[in-house]
Amino acid sequence: MGRYLLRRLLQLVPVFIGTTFMIYWLVWSVPGDPFAGKCGERRCPETYVAFMTEKYQLDQPVWVQYATYMKNLLQGDFGTKFSGQSINDIILTSYPNTLKLALVALAIEAVIGLGAGVLTGLRRNGFLDNLVLVSTLFLIALPIFVIGFVTQWLFGVKWGIVTPTVSSEMRLTELILPGFVLGSVSMAYIARVARTSIAENRRGDYVRTAIAKGLPMRRVVGVHLLRNSLIPVVTLLGTDLGALMGGAIVTEGIFGINGIGRQVYRAILTKESATVVSIVVVLVLVYLLMNLLVDLLYAALDPRIRYE
């Protein structure tokens with residue numbers, strides 16, 4: 001296991017470099033004046049443009065800019081905005097908010113999605129099975145902003161069960177509704193995948209053997225059936241954390257959460273490419289580490305999987 005972990009960590013290095021370079025090149029290659037609107041309604045003076053161009057090496061080839069960026073990144077410096085504000089401060093302020101929201105969404109989709117998948121997988125073609133299939137298809141078909149506005153209006157405005165927006169304290173009770181909205185589509189997919197996996201593994205010989213031994217159904221499902229059916233679900237959950245954090249722009253906008261999604265949106269509007277690149281680099285790291293964690297969990301779930 002140690003050799004496998006070391007090999008995987010080494011494999012992450014070229015993947016990280018290649019991915020971040022592609023992102024850096026794409027973002028900095030977007031046409032347009034990066035200093036538009038930085039001096040109010042009037043055009044920025046040529047001296048200011050020349051100074052900022054030299055300071056941020058905008059006149060250098062993209063690979064030179066990327067090399068400088070990576071050098072600073074390895075020292076823990078994500079760079080600065082054109083206004084002089086440190087991007088480190090932006091990430092430290094907004095990243096925890098998005099992480100809290102994503103973890104709540106991940107917990108909701110795991111509990112509800114997996115629970116619905118297990119129940120329908122054990123009792124297929126019944127009323128509950130059809131209800132879950134229809135409701136999950138409904139969630140998949142609806143755009144996330146529609147789900148967000150409808151749930152916000154129903155639970156926050158009409159019924160007054162929760163506050164329509166999230167306060168700066170980011171209390172857990174305030175994050176349940178936006179967490180449900182953010183994880184609703186993934187929850188539907190997890191329910192469907194878990195249902196199919198449970199239904200297929202239920203016909204396995206090891207399940208019939210466990211039942212023939214007289215084991216309680218709770219133990220058959222919890223120890224034998226569920227453990228062998230969790231691999232595709234764990235794959236979805238593991239890779240979904242990065243997707244939830246990167247896709248939180250709409251949800252954060254609807255519920256007024258100051259997270260990295262809103263920061264990316266503002267940075268795109270103001271053409272702050274350095275902010276966009278830095279936030280996306282953090283998301284790339286989350287994706288890579290979660291994929292590594294998922295691979296390690298496979299061996300824990302299935303004894304037949306061994307890493308050398």
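Author: Happy to; keep in mind that this is a predicted model.

Reader: Is Thr-251 buried or exposed?

Author: The cut-off for buried is under 20% relative accessible area. Thr-251 comes out at 0%, so Thr-251 counts as buried. Leaving out residues up to four places away in sequence, Thr-251 touches Leu-101, Ile-144, Pro-178, Val-181 and Leu-182.

Reader: Which residues touch the most other members of the largest nonpolar core?

Author: The general idea first: in soluble globular proteins, nonpolar side chains tend to be buried together. Here the largest nonpolar core has 59 residues, and Tyr-69 and Met-245 touch the most other members. Elements giving two or more residues to this core include α1, α3, α10 and α11. The top contributor is α13, with 14 residues. There's also a second, separate core of 8 residues, among them Val-118, Ile-198, Val-220 and Leu-225.

Reader: What does Tyr-69 touch, not counting residues up to four places away in sequence?

Author: Tyr-24, Phe-78, Val-277, Ser-278 and Val-281.

Reader: Now the aromatics. How many aromatic pairs are there?

Author: The count comes to 4 aromatic pairs. Take Tyr-24 and Tyr-66: their ring centres are 5.8 Å apart and their planes are at 70 degrees, so this pair is edge-to-face. Tyr-24 belongs to helix α1 (residues 2-28) and Tyr-66 to helix α3 (residues 62-74), so the pair ties together parts that are 42 residues apart in sequence. Tyr-24 and Tyr-66 are both buried.

Reader: And which geometry do the rings of Tyr-24 and Tyr-69 have?

Author: Their centres are 5.5 Å apart with planes at 40 degrees, so that pair is tilted. This pair also links distant parts of the chain, with Tyr-24 in helix α1 and Tyr-69 in helix α3, 45 residues apart. Step back and you'll find that ring pairs link Phe-21, Tyr-24, Tyr-66 and Tyr-69 into a cluster.

Reader: On to charges. How many salt bridges does the structure hold?

Author: Side chains of opposite charge can pair when their charged atoms come close. The structure holds 3 salt bridges. In one of them, Asp-129 pairs with Arg-195, the closest N and O atoms being 2.7 Å apart. Asp-129 is in helix α5 (residues 127-141) and Arg-195 in helix α7, so the pair ties together parts that are 66 residues apart in sequence. Asp-129 and Arg-195 are both buried.

Reader: Last one, helix shape. Where is the kink in α10 centred?

Author: On Asp-240, with a kink of about 40 degrees. Helix α10 (residues 231-246) has 16 residues and reaches 24 Å from its first C-alpha to its last, close to the 22 Å expected at 1.5 Å a residue. Asp-240 is one of the buried residues of α10, which also include Val-233, Leu-237 and Met-245.

Terms used. Residues are numbered from 1 along each chain as its sequence is written. This is a predicted model: local features need pLDDT of at least 70, side-chain atom pairs count only at pLDDT 80 or more; totals for chains, interfaces and linings use all residues. Side-chain values use heavy atoms; hydrogens and water are left out. Helices (H or I, at least four residues) and strands (E, at least two) are DSSP runs, numbered from the N terminus. The expected span of a helix is 1.5 Å times one less than its number of residues. The bend at a residue is the angle between axes fitted to the seven residues ending there and the seven starting there. Buried means under 20% relative accessible area, exposed over 50%, partly exposed in between (1.4 Å probe, protein chains only). Rings of Phe, Tyr and Trp (its six-membered ring) pair if their centres lie within 6.5 Å; planes under 30 degrees apart count as stacked, over 60 as edge-to-face and the rest as tilted. Contact means heavy atoms within 4.5 Å. A nonpolar core is a set of buried Ala, Val, Leu, Ile, Met, Phe, Trp, Tyr and Cys residues joined through side-chain atoms within 4.5 Å. A salt bridge is a side-chain nitrogen of Lys or Arg within 4 Å of a carboxyl oxygen of Asp or Glu.
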